Amino acid sequence: MSDGPTVVNSGSGGTVVAVILGIIAIVVFLFFTGVININGSGGKDVNVSVNTPKVEAPAAPSVSKPAAPAKPAPAPANGG
């Protein structure tokens, strides 16, 4: 009888294949979307205009005199 399960390390070949397939997929995606253009000509210029409303900062409040101090708290009812 063995002491426990036998673990076989198959190496990192699967990781390398996955990374290469991922890079190929990204390149194909870039070709498909037109980011990478093989022909070099015939590309489209896309002009994007964004109309945004003008935003103005609110006016700062004018400070002419400091606020009056708060009234003192009332005395306790028991006189103490």
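Tutor: Buried means under 20% relative accessible area, exposed over 50%, and partly exposed in between (1.4 Å probe, protein chains only). This is a predicted model, in which local features need pLDDT of at least 70, side-chain atom pairs count only at pLDDT 80 or more, and totals for chains, interfaces and linings use all residues. Residues are numbered from 1 along each chain as its sequence is written, and side-chain values use heavy atoms, without hydrogens and water.
Student: Why is I38 called exposed?
Tutor: I38 has 71% relative accessibility; the cut-off is over 50%, so I38 counts as exposed.
Student: What share of the 80 residues counts as buried?
Tutor: The share is 0%.
Student: What makes the span of α1 close to the expected one?
Tutor: Helices are DSSP runs (H or I, at least four residues), numbered from the N terminus. The expected span is 1.5 Å times one less than the number of residues. With 21 residues, α1 reaches 31 Å from first to last C-alpha, close to the expected 30 Å.

Definitions and conventions. Helix = DSSP H or I, 4+ residues; strand = E, 2+ residues; numbered from the N terminus.
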